[in-house]
Amino acid sequence: MFSIFKKRKPKSDIDDPGMVDISTNSTTHTSDTTLDLADLGNKDSGPCRPILTEYKKIKFGTQQRSFRSQWYNECDWLEYSVQRNAAFCFVCRTFGSENSGENIWIKSGFNNWQKFLVK
């Protein structure tokens, strides 16, 4: 069983990180609920924490911003979905109830990288 108190190595079974398509840009939060969360962790595997060479960028004003793998060191609860280009709260998503926490950290995912450390 996964423990948030143990440091875990990132999953190594992820397809070649160099092949991630970073060409598309998004200007809003991911809200398409038809996408599943299959690329995220579960109680047995722990949070999904892919370390990629480069993450998909999102334009904020005139700057391009993206997820940063350093945030894994600051937030033990953090996991990242390559499919959605969004961060999730593993603990909230796995152990919380439908009404606990902010929906964005549980279902839709957070990708406002400009405000990540504030949120």
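Predicted model: local features only at pLDDT ≥ 70, side-chain atom pairs only at ≥ 80, totals over all residues.
## Aromatic pairs

The count of aromatic pairs comes to 16. One of them joins tyrosine 55 and tyrosine 80 in an edge-to-face arrangement, with 5.1 Å from centre to centre and 85 degrees between the planes. Tyrosine 55 sits in the segment before strand S1 (58-60), whereas tyrosine 80 belongs to strand S3, so this pair ties together parts that are 25 residues apart in sequence. Both tyrosine 55 and tyrosine 80 are buried.

Phenylalanine 110 and tryptophan 113 also form a pair: their ring centres are 6.5 Å apart and their planes stand at 80 degrees, so the pair is edge-to-face.

## The aromatic cluster

Tyr55, Tyr80, Phe110 and Trp113 are among the members of one aromatic cluster. The cluster also includes Phe67, Trp71, Tyr72, Trp77, Trp105 and Phe116.

Strand S3 covers residues 78-81. Leu78 and Tyr80 point one way from the strand, while Glu79 and Ser81 point the other way. These residues are all buried.

S3 pairs with strand S4 (residues 86-89) in the antiparallel sense, over four bridges. Within S4, phenylalanine 88 is the bridge partner of glutamate 79. The two strands, S3 and S4, form a hairpin with four residues between them. In the turn, asparagine 85 has a positive phi of about 50 degrees.

Conventions: Residues numbered from 1 in each chain as written. Heavy atoms only, no water. Buried < 20%, exposed > 50% of the residue type's maximum accessible area, 1.4 Å probe, protein only. Pairing = 2+ DSSP bridges. Phe/Tyr/Trp six-rings, centres within 6.5 Å; stacked < 30°, edge-to-face > 60°.
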